[in-house]
Amino acid sequence: MGCDGRVSELLRRHLQPTLTYWSVFFSFGLCIAFLGPTLLDLRCQTHSSLPQISWVFFSQQLCLLLGSALGGIFKRTLAQSLWALFTSTLAISLVFAVIPFCQDVKVLALVMALAGLAMGCIDTVANMQLVRIYQKDSAIFLQVLHFFVGFGALLSPLIADPFLSEASCFPANSTANASSRSHLFHAARVLGQHHVGVQPQSNQTLPGPAPKGGAETRVSYAFWIMALINLPVPMAVLFLLSKERLLTCYAQRNPLLLPADELALETRPSEKEEASLSSKFQPHPGHEDLFSCCQRKNFQGAPCSFFAIHVTAALVLFMTDGMTGAYSAFVYSYAVEKPLSVGHKVAGYLPSLFWGFITLGRLISIPVSSRMRPATMVFINLVGVVVTFLVLLIFSYNVIFLFSGTASLGLFLSSTFPSMLAYTEDILQYRGCATTVLVTGAGIGEMALQMLVGLIFQAQGSYSFLVCGVIFGCLAFTFYVLLLFSHRMHPGLPSDKPLGMENSECYQR
């Protein structure tokens, strides 16, 4: 049976858990993109200034990072993994339902911190489960997994848009609120506003009047709709728990993660090979949470290339995920500033265009990943990112190039994370801490580079936005070259196999 046939057979045998893990990443995407467009309404609701509301972003990103690092604690058994996913997805629905009742910015920051922890847990656990189920065939399934992130991130602003208030709750003569419907502009300014002395006075004080036009009530409907849309996801996880007989208190000992489908395989005589592979799917001691990965016993006898692979791969995703977060947050601010001076409504399409092409790119990557090696996909993506930023920098006065470049960046950045994860796990033969380290590195990058770009953007002006993109893209490509050298030096593969061709039979056309 060819590679495509084997992948199809694997999907058929693990269909329900695979669909469940894909759906929990829809929850992740739904929760990651709603703050930007609803920021002004949340300011009105909490009677807070922009520096105060910025703590909501910070608390979510920080706790997302902590959740990613701690998520490995729940990966040891199938029961722990599914209960963690059920709790996390249910928490996201509860967060959506509770946000309209948060009248204080500190309470809202705590609620978003809970959402961040849930998102981080989902990020680590769902990625790890698909890698452990499909191992060398995991690339295509990881592409679908991250497609659902883009789909959720694209859907949440569309849900919120009809309920966003048209009237401003701030003084009418406020310069900062003249474009009150420029939601993503406000979201970008939040991350860069640390020197309040250079900001308009209205951004330094609490808004005086109460929100007009029932802004709180209208935007509340958007959050409640998102809570209802997300509710089937924890129900799907609960159904999987029921199927695996993990809801009863007298169930046998918790099965290990992947042999859970053993009963379904008994009646298929052609699955002896699959059963023999199941012994390889046992959790390795290195596949733990971040802190367990750092224990000395996991590194005994490991070559230097083992550490280099983990570090360089994490640094690549530190840069690429950081670029994704920074570009989506600041492209609106860059467009409305000189020299482009794009109108607010026209510029408002840029973040949506960016996320739309990320979603499209992840959809395209699903069939492509079955024909192309993950290493090749990462190389093409990084070269495309650098070239796109260079073109944007050269034609920085052209609005058409800005829109086409935004779409191009979305396509090239879309499949970088799943391809890098599949490639790194392949190098380490699924025995390292790649998933935990890569997810943590990507989370740190998304938090740190947004703050860094915000500071530079405010201090140096809009042109620095594209300069940062070129620098980050070049650094990501440099780290990838170092990863290739580390792979070449790593003793895990026979020396007569070309670089990146350990699974060549699955990537031939």
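Residues are numbered from 1 along each chain as its sequence is written, and side-chain values use heavy atoms, without hydrogens and water. In this predicted model, local features need pLDDT of at least 70, side-chain atom pairs count only at pLDDT 80 or more, and totals for chains, interfaces and linings use all residues.

**Exercise 1. Find the salt bridge of Arg-12 and say where its two residues lie.**

Step 1. A salt bridge is a side-chain nitrogen of Lys or Arg within 4 Å of a carboxyl oxygen of Asp or Glu.
Step 2. Arg-12 pairs with Glu-9, and the closest N and O atoms are 2.4 Å apart.
Step 3. Both residues lie in helix 1 (residues 3-13), three residues apart, about one turn of the helix. Helices are DSSP runs (H or I, at least four residues), numbered from the N terminus.
Step 4. The whole structure has two salt bridges.

**Exercise 2. Describe how helix 17 meets helix 19.**

Step 1. The axes of helix 17 (residues 374-394) and helix 19 (residues 416-427) come within 8 Å and cross at roughly 140 degrees. Axes are lines fitted to C-alpha atoms over the stretch in contact, with angles from 0 to 180 degrees between N-to-C directions.
Step 2. The crossing is left-handed: the near helix is turned anticlockwise from the far one by less than a right angle.
Step 3. Helix 17 makes the contact (heavy atoms within 4.5 Å) with residues including Pro-374, Met-377 and Asn-381, and helix 19 with residues including Thr-416, Met-420 and Tyr-423.
Step 4. Sort the contact residues: seven are nonpolar, three polar and none charged. Here Ala, Val, Leu, Ile, Met, Phe, Trp, Tyr, Cys and Pro count as nonpolar, Asp, Glu, Lys and Arg as charged, and the others, Gly among them, as polar.

**Exercise 3. Repeat the work for helix 14 and helix 20.**

Step 1. The axes of helix 14 and helix 20 (residues 434-460) come within 6 Å and cross at roughly 40 degrees.
Step 2. This crossing is right-handed, with the near helix turned clockwise.
Step 3. The contact has 19 nonpolar, eight polar and two charged residues.
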